[in-house]
Amino acid sequence: MTTVAVAGKGGVGKTVIAALLIKALSEKGVVLAIDADPSTNLNLALGLPLTETVGRVREDLTEDITKGSLPTGVSKQELLDMKIREALVESARIDLLAMGRPEGPGCYCAANHMLRLSIDQLAKSYDYTVIDCEAGMEHISRRTTRDIDILLIISDPTIRGVTAAARMKELMKELRTRTGKIYLAVNRVKDGLPKEIGEAINKSGLNLIAIIPEDPNIAPLEVKGAPLVELPPDSPLQSGVREIVTKLGL
Amino acid sequence: MAGMFPVDVGPQYEGEAIRKADFYVEFGGPDVKSKFELVTLKTMNEVEHEKIEVVGPDIPELTEGGSYPLGILIDVAGSEIEKEMEPVFERRIHLYANYIEGFWHMAQRNDIWMRLHKNSYKKGLNSLKEIGKILIFLYTSEIPIIEKISTTFITDEKKVEEFLPKALEVYKARDERLKGIREEDVEEFYSCSLCQSFAPTHICIATPERVANCGAINWFDGRAAYKLDPEGPVQEVKKGECLDPIRGEYSGCNELAVVKSLRSYDRVYLHSAFEHPHTSCGCFQAICFYIPEADAFGIVHRDFVGNTVMDVPFSTMAGQTSGGRQVEGSLGIALEYLRSPKFLQADGGLYRVVWMPKEIKERYKEATPQDLYDKIATEEDVTNADELVDFLKRVGHPWVKGEVELPV
């Protein structure tokens, strides 16, 4: 059981890489995909429908608590386990759980703690868990998602991208979550990695695992709204993700 | 148990989940409306021991990959069994069903969800009667006071629907009975330290008559959480000796307070806002605040916009209340605590409450004594303490009239 989190600032191709990684791992085992970035729609990239989100489940629970309408004889943890299970989108080798929006005002300590237990329990029955994180890594900082073995940070070949990636690495350290290894993949590279970017990566101490060329096959899929996992097998992104899977020993 | 049944049975299968791609059939779950499970205590004559009945189509008659209705009725008899044990026995369905290799059971009551793995179906677990045999075996070998037991699996949708209202009535009656549990009836309370990241000296105590400040953990949730994760943030507290039944002071809670508050306080009154009040994290749903002009209390909840009768909003009061200190006359509470018979019982209870936001007053109308309801002011009646005092005199609030006696 291995948990991989994919993170990166907007526009670097994080979600397509997460989707391709999920697809690649699904050929080796069953995968739990967690969409922890409400703005990117991992489900569309994977070609899966979307029903309920964890955020909605949590809001409903909090509302029911406030109304006092929950049955006394059933524990909230058990109700939550059931609701999380219901929110799961199940397909042949990949199941998807969407985290939805982060919480509003009020106290969610107990709700988030219960969520974490539910999601941890759920993830136990999968060979791989892949989390598509938003840049602030809200769900990791609030510990609503599980501890991760591998953090894969995606950047574009820009100083801003590399700086953001370095900041995410620092954030993970500050959060003191149990993270195994942290890697960087640079995506959308045209004509090789610029020297300045290579130097910035070296300086940041980030461990570069892959350089992925700009993929010309993405745009036509995006125009059609087709699942991004339908990229041709020889597409640069597909090759890049295969390289990552091999290097990570997954 | 090898050889007794078509598949293996044991606790090692408990955590095993069955994915959609792997199940032969599923019962209940989000796509099925008609579902329930119910254990009923009957007399010895009413139960035919080890009888297993399937009403409606059995597994071989169902289409592979489908989701189907199911009602599980388990009748038990035994001279030592008491009515109160029914829900305890009923929870064992979840436990025992999950002991079965390639069978998955989730939730309870009318929320159940079960899946049968394709491989176990192939191995011969191809009838609900086989499931029944295993359940009966586990019940009788693990609970010796069960002298007779029978099970009925109803898969006929109409018959499940016919029976469902009866089951719902039983669940409702159980909940009502649970709501009636008092602190005197139990030996254990539960503590929760989840908020210590915000308030390191705060420790929350949940009793049958006091919900944790956030409203999310009542005594039953505490019990479930502790059972699930004995090393987790929710711990069992032996209540110990009751030192003051009116204020709600227990030796067990005091001992816990010393340890968990890093020695910043050593006594806790669970049901008073004075002297040694329960601490507040930052997560409480509402604040119960003392109004000196009326010598009484106001309640304000987190969602209330604008100023309270004290001329300050919730957020200002929250700053004064929170942080894990004992602040006399300023108590972070769960709204459900308003329904507790012990709500601030040492200070006069609900009869000492004189101001609430209209929304809360309406939501807790049925929990408020009839002779009190119209005498509690809201933001629509008064905007400051002077107006409040006039209002209370005008309507004749029982506390202001001196009609409320504090318990001794």
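## Helices α3 and α4 of chain A

Helix α3 (residues 54-67) of chain A and helix α4 (residues 76-87) of chain A have axes that come within 10 Å and cross at roughly 150 degrees. That angle makes α3(A) roughly antiparallel to α4(A), since angles over 145 degrees count as such. The crossing of α3(A) past α4(A) is right-handed. The model described here is predicted.

Three residues of α3(A) are listed in the contact: Val54(A), Val57(A) and Leu61(A). On the α4(A) side they meet Lys76(A), Leu79(A), Leu80(A), Lys83(A), Ile84(A) and Ala87(A). By class, the contact of α3(A) with α4(A) holds seven nonpolar and two charged residues, and no polar ones.

## Chain A as a whole

Chain A contains ten helices and eight strands. Its radius of gyration is 18 Å. The globule rule gives 18 Å for 250 residues, so chain A is as compact as a globular protein of that length. Along its principal axes, the C-alpha trace of chain A spans about 65 × 35 × 30 Å.

## Helices α1 and α10 of chain A

Another helix pair in chain A joins α1 (residues 14-26) and α10 (residues 236-248). They pack at an angle of about 60 degrees, with their axes 10 Å apart. The two helices, α1(A) and α10(A), are therefore oblique to each other. Here too the crossing is right-handed, with α1(A) passing α10(A).

From α1(A), the contact takes Val16(A), Ile17(A), Leu20(A), Leu21(A) and Ala24(A). From α10(A) come Leu237(A), Gln238(A), Val241(A), Arg242(A), Ile244(A) and Val245(A). Sorted by class, the contact of α1(A) with α10(A) has nine nonpolar residues, one polar and one charged.

## Where the chains meet

The contact between the chains draws 34 residues from chain B and 26 residues from chain A. On the side of chain B that touches chain A, two elements give two or more residues: α4 (157-179) and α5 (219-228) of chain B. That side of chain B has 20 nonpolar, four polar and ten charged residues.

## Helices α1 and α3 of chain B

Chain B has a helix pair of its own to look at. Helix α1 (residues 86-99) and helix α3 (residues 128-142) of chain B have axes that come within 10 Å and cross at roughly 120 degrees. So α1(B) and α3(B) are oblique to each other. Their crossing is right-handed.

In α1(B), the contact residues are Arg92(B), Ile93(B), Tyr96(B), Ala97(B) and Tyr99(B). They meet Leu135(B), Leu138(B) and Tyr139(B) in α3(B). Seven residues in the contact of α1(B) with α3(B) are nonpolar and one is charged; none is polar.

## A three-stranded sheet in chain B

Three strands of chain B form an open sheet in the order β10-β9-β11, with antiparallel pairing. At the edges stand β10 (204-206) and β11 (234-238) of chain B. Each has a single partner strand, so one side of each is left without a neighbour in the sheet. On average, neighbouring strands of this sheet are turned by 35 degrees against each other, direction ignored.

Strand β9 (residues 188-192) of chain B pairs with β10(B) over three bridges, in the antiparallel sense. The bridge partner of Ser191(B) in β10(B) is Ile205(B). Helix α6 (residues 251-260) of chain B lies across β9, β10 and β11 of chain B. This helix, α6(B), runs at about 135 degrees to β11(B).

## A four-stranded sheet in chain B

Chain B also has an open sheet of four strands, in the order β16-β14-β15-β17, with mixed pairing. The edge strands are β16 (330-333) and β17 (353-355) of chain B. Each pairs with a single strand, so one of its sides has no neighbour in the sheet. Neighbouring strands of this sheet are turned by 35 degrees against each other on average, direction ignored.

Strand β14 (residues 286-291) of chain B runs antiparallel to β16(B), and four bridges join the two. Ala286(B) has Ile333(B) as its bridge partner in β16(B). Helix α7 (residues 314-321) of chain B packs on the sheet and touches β14, β15 (296-301) and β16 of chain B. The direction of α7(B) makes about 85 degrees with that of β14(B).

Key. Residues numbered from 1 in each chain as written. Chains lettered and ligands numbered in written order. Predicted model: local features only at pLDDT ≥ 70, side-chain atom pairs only at ≥ 80, totals over all residues. Pairing = 2+ DSSP bridges. Axes fitted to C-alpha atoms, helices over the stretch in contact; angles between N-to-C directions. Contact = placed C-beta atoms within 7 Å. Parallel < 35°, antiparallel > 145°, perpendicular 65-115°, else oblique. Left-handed = near helix turned anticlockwise from the far one by under 90°. Nonpolar A, V, L, I, M, F, W, Y, C, P; charged D, E, K, R; others polar. Rg over C-alpha atoms; globule rule 2.2 N^0.38 Å.
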